[in-house]
Amino acid sequence: MSLPLLSPAFLDSHPEILPNHKSLLALPEKIIQFGTGVLLRGLPDYFVNKANQQGIFNGRIVVVKSTNSGGTDSFSEQQNIFSHSIRGIENGNQIDDLVINTAISRTLSASNHWDEILECAHNPELKIVISNTTEVGIQLTDDDIFASPPASFPGKLTAYLFERYKAFAGSPEAGMVIVPTELIVGNGPKLRSIVLEQASRHNLESGFIQWLEESNHFCSSLVDRIVPGKPDAETIEELSEKHGFEDKLLIVSEVYRLWAIEGNEAVRSILSFAQADSGVVIEPDIDLFRELKLRLLNGTHTLACGLCFLNGLDTVRESMEQPETAAFISNVMLGELAPAIPYPVNAETASTFGNQVLDRFRNPFIRHQLIDITVQYTAKMKMRNIPTLLNHYQKTDQVPALFAKGFAAFLRFMKPVIHKEEAYYGDRNGEPYSIRCDSAAYFDEKWKNAASPLDLAQQVMSDASLWDADLTLLPGFADAVKQHMAEVNSPA
């Protein structure tokens, strides 16, 4: 027996699911969003929907599909309503919730509906732009902003903002809050600089450039929530049967959510949906959130992935189910990394964030493969952890023993035993694994020429060209790494 499709008609016949859906579907459009991806639907759109249901923001989202791949049929069939399964651990409790999201009003294709998209610029209530584009992204290209549509996202945005400038005769009140969520540092200022460059290249009037600079806010932002791609068939079937409807737009995410936005009080007043959830943070400086994520979540991943993998584990969750590796992960994060973050952060903030990360690592619904975390292992170790290690030694001469153990496992993991067709493979208990790292050839040479694992450790740690520092000069660190080299399960 086939299940009904999630739609307004379905909600009409099942008022217990979302009693106020008609009033939610009637809210005015206040946001234009470039991108239809699951991260946008699982984070910004989640916050907007939550605020609407609380009667706070009271606005909907026009979504622009920027690429030619795929279509908007599923959105049209369901009139842009979708369900969001939220599963994971929060404060030690298992969460399994379902949200019906009605925040999206329309989904337009840039290729087919460009005139409609530009018409949105004439709406005085529509004051917010959100983006997460999978095309060229935030890059300066040789674009034509008068095309229908321009090829790049910054080109489309320049054309849209120029249309708005003309529609409101350059009124300062028509300025917009633009929040890119693409995963690059300083995404706001970078996007702003490209838009200004496009305006200059196209010889747009000086009044427009002044309006861009003075009346619009390009806000850097940091997004953090695991929202995997399309759920597997088993998950879709399970959730469909459980909730009694089919949803072609279904998304699944973890419970944790963070959207840190760099902005002032003017930005905060326009992004009023932030009041609905503590996961939206609007501050003049969001570097703290970036550092917490980079040093505690990403840094712990990097220090633990090789150790856990070489001990026969395959996922982060499995690592949290084994007492020994779970203790390593918790203690290296909270005991060694948190106190040494190279940014001013108080201990309580770091501890709170770290415990949230541990809940995320325990999530029974997310299969995060350790081998995937080892991709570009050397660059990740350098970027995520070496600054923390150096800052640790600025504060104390005490050896970070767990850090040393994780670093030793990294060195062991980076021992190739097979080299074929430009690819390198290590060995775990007789089974090959791929070493997907640009430094694989470097380590292949070092391991072949080293007199012993201890010699290898000495050579690599003293290579300042690799780490921008000689790690053997840190008191006791090299000796601790060498000691752990003998303890870590080693490749053949």
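A search of the whole structure finds 24 aromatic pairs. The rule: rings of Phe, Tyr and Trp (its six-membered ring) pair if their centres lie within 6.5 Å, and planes under 30 degrees apart count as stacked, over 60 as edge-to-face and the rest as tilted. Take F403 and F477. Their ring centres are 5.9 Å apart and their planes stand at 70°, so this pair is edge-to-face. F403 lies in helix α18 (residues 401–413) and F477 in helix α22 (residues 477–485), so the pair ties together parts that are 74 residues apart in sequence. Helices here are DSSP runs of H or I, at least four residues, and strands are runs of E, at least two, numbered from the N terminus.

Before going on, the ground rules. This is a predicted model, where local features need pLDDT of at least 70, side-chain atom pairs count only at pLDDT 80 or more, and totals for chains, interfaces and linings use all residues. Residues are numbered from 1 along each chain as its sequence is written, and side-chain values use heavy atoms, with hydrogens and water left out.

Are F403 and F477 buried or exposed? Buried means under 20% relative accessible area, exposed over 50%, partly exposed in between, with a 1.4 Å probe and protein chains only. F403 has 2% relative accessibility, so it counts as buried. F477 is at 0%, so it is buried too. Both rings belong to one aromatic cluster, which also includes F309, Y377, Y433 and W467.

Next, charges over rings. The test is NZ of Lys or CZ of Arg within 6 Å of the ring centre and within 35 degrees of the ring normal. R41 lies over the face of F82, 4.9 Å from the ring centre. The charged end of R225 sits over the ring of Y46, at 4.6 Å from its centre.

Now the sheet. Two strands pair if DSSP finds at least two bridges between them. The order is β9-β11-β12, an open sheet of 3 strands with mixed pairing. β9 (221–224) and β12 (280–283) are at the edges with a single partner strand each, so one side of each has no neighbour in the sheet. β9 pairs with β11 (residues 258–262) in the antiparallel sense, over 4 bridges. Within that pairing, L222 has A260 in β11 as its bridge partner.

A pocket, on a 1 Å grid over the protein atoms alone, is an open set of points where a 1.4 Å probe fits, with protein on both sides within 12 Å along at least five of seven lines; lining residues have an atom within 4 Å of a point. The lining has 32 residues, and L183, V223, D224, K293 and N298 lie nearest the centre. Helix α12 (287–310) gives the most to it, with 6 residues.

Last, some backbone details. The peptide bond from S148 to P149 is cis, with omega near 5°. P149 is in the loop between β6 (128–131) and α7 (153–167). Two asparagines have positive phi: N80 near 70°, and N203 at about 55°. N80 counts as buried, at 7% relative accessibility. N203 is exposed, at 69%.
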